Amino acid sequence: MINTDPNHVHTYNAEGKITCCTLEDRVYGKAGADNLLHGVNPDDSKPVQKTEIAESSILKQYLPAIISFSMLLIGIAADNYFKPAFFTGYVRLVWYAMAYLPVGFPVIKEGWEAILKKEFFTEFTLMVLATVGAFAIGQYPEGVAVMLFYAIGELFQSAAVNRAKSNIKALLDVRPSSASVLRNSKYEETKPEEVQINETIQIKAGEKVPLDGEMLSDGSSFNTAALTGESKPKSIYKGEQVLAGMLNLDKVVELKVTKKFADSSLARILEMVQNATARKAKTELLIRKFAKIYTPIVFFLAVALVIIPYFVVSDYVFTQWLYRALIFLVISCPCALVISIPLGYFGGIGAASKNGILFKGSNYLELMTKVNTVVLDKTGTLTAGVFKVQEIVTNGMDKTAFIKTLAALESKSTHPIAKAIAEYEKNETQIYQAEDVVEISGHGLKGKVNGKEVLAGNTRLLNKFGIWYDTKLDEIVESIVVVAINNEYTGYVLIADEVKEDAQEAIKQMHLNGITQIVMLSGDKNAITQKVAKHIGIDTAFGDLLPENKVQKVEELKQDTTKIIAFVGDGINDAPVLALSDLGIAMGAMGSDAAIETADVVIQTDQPSKIATAIKIGKATRSIVIQNIVLAFAVKIIVLALGAGGIATMWEAVFADVGVALMAILNAVRIQRMKFVL
């Protein structure tokens, strides 16, 4: 997890692990990320209002730059316009030194701390050398200006980080501070962390749900936007799951707590988002390595720019060549790269969060752009995972009496298909009584309903009892429940798992966004699997698969080294395949904990169309990162050449460093405004 303490910074090794300090994390700290994440005043560790934090931190951050800027303007005016007699010599030096210190002292301090850690070639040491050198050759205004604009660049970086965090802050802000729990026959307020499983909590209208739980009341409407990015309210009824972070819109409801706060969906999401910045994209790691090599090289080139001309130039002037070397140092600072690139990826993670997609690291955001093969589970991923009655066909019996008789028998079973039939008839007022119900494994149910002998199950059940039925039923690919009453075939019910509304569009959009092969794997009957695949446009589909068969299929695909495979699933049996694939994507709303923990990307809305959205966000992020790399290198190379030739001044150097950094940062935060609607 990133350390957001403004007094502590990190570094990463070649594998991307945090070891001590980086410019990126230092900026996060200065941006008040710890305050944003925890709502705590670092001075006294007491909770404070966010407005208080914002006002005090903004003033504290900008005051040194305002003081330096004001004094610099007065100094320049005194030099060029008013020209008072006393503004010369030591008075002039002291004035500009005082203008320098508010913005220069923090950088000098950090440069010294870096040297103590044996990190000699950092942006801090480069800036201090360049500005102190400018003072040494009498270029006081330029020395102050370089450090001032560097400080302003830091402030812009902090503001950019805050902006990139805004979508994630919306998620963090849904954390409820208390829970109303039923104890000793009355409700009392306590911290969510102190509530135990199976305790009853109450949520009033307009309150946030503090913990995951099962609805005990009849139902209510909830705003799920903070968790899923979906603005449409969701109705949740008795017995269904309610997740921490949802906002109760309707009426007072009671929930039975099913998970402790630390294990709740909200806590898990917060942890994933806060840890996302610890996993670095290859581009980030490459830039970090490059900066460590590039900076000392440019430093020694600057030294050479002072020394070598002494031996080869006839009219050598030390101050002139030192000035060129100082320009070289200012330009060489790799701020634009080491800040804007991580910020670009962080902005991508924020944009994805806004769209209900959680990337567990910027490395996965980058990998998403390389995926060319998507493998999808069927049930719960492309289909709703909920069986529903599609058709009722009777053999001469009244349909209402038929379905009521069947529902009474099926209500005694826990099988998903039985539940679907019982659910179909749950609102009927006339009750049919079932008794002596026996489950015949692999066949169905046998029992009595209102005194009649009833059989309900597959066609094998009727064959077992020697009951005639239309053999055309054996050709139906969907799940079917055939019924016999008093040893006579009475009819059947067709049960099917509904395809999600956006499944067909999801497949189309994936193809349009560079996915060359889409494969569907399912444990369902192969005939059903092929029918669904044809309906929504899947390239290849396999049914009748056990979990180990799914692993085998993905292993076969991975034998082609040109394939970068993303697997999308939701069940606990999908966890091994999620781990095996190059990129694992889990459906987060209905998905199992095992699948969500194993996956690299979590889709909070359970919409397959979000896969294409994730690809679009990944590609947009990658495009911005490449633009920033090209911009930074192009400008720096041009101004370095001009500086070495004596054409560029310190002002051009400031533009090449701070100006380019600001342009790159503004480009990086642009992703926050992009729309990724299919």
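Guide: A helix is a DSSP run of H or I with at least four residues, a strand is a run of E with at least two, and both are numbered from the N terminus. The model is predicted: local features need pLDDT of at least 70, side-chain atom pairs count only at pLDDT 80 or more, and totals for chains, interfaces and linings use all residues. Residues are numbered from 1 along each chain as its sequence is written, and side-chain values use heavy atoms, with hydrogens and water left out.

Visitor: Is I307 buried, partly exposed or exposed?

Guide: I307 lies in helix α9. Buried means under 20% relative accessible area, exposed means over 50%, and partly exposed is in between (1.4 Å probe, protein chains only). The relative accessibility of I307 is 44%, so this residue counts as partly exposed.

Visitor: Which helix gives the most to the nonpolar patch?

Guide: Patches are made of residues with over 30% relative accessible area (Shrake-Rupley method, 1.4 Å probe, only the protein chains shown counting as cover) and no salt bridge; like charges are joined within 9 Å, and nonpolar side chains (Val, Leu, Ile, Met, Phe, Trp, Tyr) within 5 Å. A salt bridge is a side-chain nitrogen of Lys or Arg within 4 Å of a carboxyl oxygen of Asp or Glu. The nonpolar patch here covers about 1,300 Å², and its residues include W112, F121, I307 and F311. Helices α4 and α9 (282-312) each supply at least two of its residues, and the most, seven residues, come from α9.

Visitor: Are the rings of Y100 and F135 stacked, tilted or edge-to-face?

Guide: Rings of Phe, Tyr and Trp (its six-membered ring) pair if their centres lie within 6.5 Å; planes under 30 degrees apart are stacked, over 60 edge-to-face, and the rest tilted. Seven aromatic pairs are found in the whole structure. For Y100 and F135, the centres are 5.4 Å apart and the planes stand at 70 degrees, so the pair is edge-to-face.

Visitor: How many residues apart are Y100 and F135?

Guide: Y100 is buried, at 7% relative accessible area, and F135 is also buried, at 15%. Y100 is in helix α4 (residues 89-116) and F135 in helix α5 (residues 123-136), so that the pair links distant parts of the chain, with a separation of 35 residues.

Visitor: Over which ring does the charged end of K553 sit?

Guide: A charge sits over a ring if NZ of Lys or CZ of Arg is within 6 Å of the ring centre and within 35 degrees of the ring normal. R324 meets this condition at W321, with its charged end 4.1 Å from the ring centre. For K553 the distance is 4.0 Å, and the ring is that of F542.

Visitor: What is the relative accessible area of T529?

Guide: T529 belongs to helix α17 (residues 526-536). Leaving aside residues up to four places away in sequence, its contacts (heavy atoms within 4.5 Å) include K378, M520 and F542. T529 is buried, because its relative accessible area is 0%.

Visitor: Where is N487 found?

Guide: Phi of N487 is near 65 degrees, a positive value in a residue other than glycine. N487 is exposed, with 52% relative accessible area. Its place is the loop between β16 (479-485) and β17 (488-499).
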